[in-house]
Amino acid sequence: MRSPKPELIWQGRIHLGDEPGLYGDAHYSGLSAEVPLTLERTGPQAPDTTALVVVTEGLETFTGYPGHLITVTAYLPDPARPYHSVETVLATARMTSADQNRKEIPLALANRPSPLFLSVRARVDTEVPPGLYDDFVLTRILNASQNFAYVASLGFRA
């Protein structure tokens, strides 16, 4: 059973797209935004899965285009170089109008360390011709974990 209410990791207003100022109440980041977070497993018997939920406002895509790319990347210790990390993509998903401004991205975390340092990146679909890029606002990132198997926090917490 998933937690009755997903855990809020981050909330704000980041405007993505190619028309600065369209959302005057949001920080304009351009074509992408990336948020660091830490996931911690709550116990050795806890399930090795969780899901991150990306919530937006005003996301609309054209039919026939793949949609906006959401990438979840893990920063794992590099065994060959102390104090360095290896970036490993754990999941990708495309967000379209059909998602109705909410996309759940399941993560399989078996044999992953805890804490686990991740980033969630949202990138505008640039297969659409310039000038027609969708402008939308990234508003929340949540953690939906079965029986709170993983808890999350904003930033990299060692």
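## Strands, salt bridges and a surface patch

L16 stands opposite G30 in strand β2. This is a predicted model. The strand that pairs with β2 here is β1, residues 7-16, and the two run in the parallel sense over three bridges. Both strands belong to an open sheet of five, in the order β2-β1-β9-β4-β7. The count of salt bridges comes to four.

**The five-stranded sheet**

- The pairing in the β2-β1-β9-β4-β7 sheet is mixed.
- β2 (27-30) and β7 (102-108) stand at the edges. Each has a single partner strand, so one side of each is left without a neighbour in the sheet.
- From one strand to the next, the twist averages 35°.
- In a regular strand, side chains alternate between the two faces of the sheet.

- Strand β5 covers residues 68-77 and includes H68.
- β5 is mostly covered, with eight of its ten residues buried.
- β5 pairs with strand β6 (residues 85-95) in the antiparallel sense, over ten bridges. Within this pairing, H68 has M95 of β6 as its bridge partner.
- β5 also pairs with β8, again in the antiparallel sense, over six bridges.
- Is H68 buried or exposed? H68 counts as buried because its relative accessibility is 2%, and the cut-off for buried is under 20%.
- The H68 side chain also makes a polar contact: it reaches the backbone nitrogen of D125 at 2.9 Å.

- Side chains of opposite charge can pair when their charged atoms come close.
- R13 and E57 form a salt bridge, with 2.9 Å between the closest N and O atoms. The pair links distant parts of the chain: R13 sits in strand β1 and E57 in strand β4 (residues 49-57), 44 residues apart.
- R13 is partly exposed, at 25% relative accessibility. E57 is partly exposed too, at 32%.
- R13 and E57 are also members of a salt-bridge network that includes D25.
- R121 forms a salt bridge with E34, and the closest N and O atoms are 3.7 Å apart. R121 lies in strand β8 and E34 in strand β3 (residues 32-41), so this pair ties together parts that are 87 residues apart in sequence.
- R121 counts as partly exposed at 27% relative accessibility, and E34 does so at 39%.
- D99 and K103 meet through their side chains in a salt bridge, 3.4 Å from N to O. Both D99 and K103 are buried.

**Nonpolar surface patch**

- Which residues form the nonpolar patch on the surface? They are F62, Y65 and L132, with about 280 Å² of accessible area together.
- L132 is placed in the loop between β8 (116-123) and β9 (136-144).
- Why does L132 count as partly exposed? Its relative accessible area is 47%, and partly exposed runs between the buried limit of 20% and the exposed limit of 50%.

**Backbone details in the loops**

- Where is the cis peptide bond? It joins S114 and P115, with omega at about 5°. P115 is found in the loop between β7 and β8.
- N101 is not a glycine, yet its phi is positive, at about 65°. N101 lies in the loop between β6 and β7. With a relative accessibility of 22%, N101 counts as partly exposed.
- N147 also has a positive phi without being a glycine; the value is about 50°. N147 is placed in the loop between β9 and β10 (150-154).

How values were computed: Residues are numbered from 1 along each chain as its sequence is written. This is a predicted model: local features need pLDDT of at least 70, side-chain atom pairs count only at pLDDT 80 or more; totals for chains, interfaces and linings use all residues. Side-chain values use heavy atoms; hydrogens and water are left out. Patches are made of residues with over 30% relative accessible area and no salt bridge: like charges are joined within 9 Å, nonpolar side chains (Val, Leu, Ile, Met, Phe, Trp, Tyr) within 5 Å. Accessible areas come from the Shrake-Rupley method with a 1.4 Å probe; for residues, only the protein chains shown count as cover. Helices (H or I, at least four residues) and strands (E, at least two) are DSSP runs, numbered from the N terminus. Buried means under 20% relative accessible area, exposed over 50%, partly exposed in between (1.4 Å probe, protein chains only). Two strands pair if DSSP finds at least two bridges between them. Axes are lines fitted to C-alpha atoms, for helices over the stretch in contact, and angles run from 0 to 180 degrees between N-to-C directions. A polar contact is a pair of N or O atoms within 3.5 Å; within protein, one must be able to donate a hydrogen and the other to accept it, and residues adjacent in sequence count only if both atoms are side-chain atoms.
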